[in-house]
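Here's a quick briefing to read alongside the structure. Have the sequence and the 3D view open as you go.

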Amino acid sequence: PQTRPDTEAKKFQVPSNQSAVYVVRAPMDSWEASSLSLGNAPITTQRGTYYRWDVAPGTHRVSGFWSESLTLTSAPGKAYFLEYTVIGDPHDRGVQLTRVRQINEQAGRQLVMNSELVR
């Protein structure tokens, strides 16, 4: 069942003085956990999860432990969607590769609706 924070995040409402950055794991990637951060705010993701950061409008850097970083410039009242892909094997070497990329709003919303909020 969805939790209250999950239900609220899936309304995609953004305060007019902030930006929302959703990061969502790719649907068919590894079962391995992997971390990434926006500035000094780290999270750990699992397959089938997403996270929402509410931030001040401006330039932000999102980076993963194994991935390249992505720079995002956000505007007030807008939502942005990032797909985070993790490739790895828990029986071999764990996480081997990660990738973070910005995706369009329609694709992002669909991925979020099919995922659950990181707790």
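Predicted model: local features only at pLDDT ≥ 70, side-chain atom pairs only at ≥ 80, totals over all residues.

**Nonpolar cores**
- The largest nonpolar core is built from 15 residues, and the ones with the most contacts inside it are Val21, Val23, Leu36, Trp53 and Leu82.
- Beyond its neighbours within four places in sequence, valine 21 is in contact with Leu38, Tyr51, Arg52, Trp53, Val55, Leu72, Tyr80 and Leu82.

**Glutamate 83**
- You'll find glutamate 83 in strand β7, which runs over residues 79–89.
- Glutamate 83 counts as buried because its relative accessibility is 10%, and the cut-off for buried is under 20%.
- Not counting residues up to four places away in sequence, glutamate 83 touches Val24, Ala26, Pro27, Arg99, Val100, Arg101, Ile103 and Leu111.

**Aspartate 54**
- Aspartate 54 belongs to strand β4 and is partly exposed, at 39% relative accessible area.
- Its side chain makes a polar contact of 2.8 Å with the side chain of arginine 52.
- Setting aside residues up to four places away in sequence, aspartate 54 touches Gln18, Ser19 and Ala20.
- Aspartate 54 and tyrosine 22 are 32 residues apart along the chain, with 8.8 Å between their C-alpha atoms.

Conventions. Residues numbered from 1 in each chain as written. Heavy atoms only, no water. Helix = DSSP H or I, 4+ residues; strand = E, 2+ residues; numbered from the N terminus. Buried < 20%, exposed > 50% of the residue type's maximum accessible area, 1.4 Å probe, protein only. Contact = heavy atoms within 4.5 Å. Core = buried A, V, L, I, M, F, W, Y, C linked by side-chain atoms within 4.5 Å. Polar contact = N/O pair within 3.5 Å; in protein donor to acceptor, adjacent residues only side chain to side chain.
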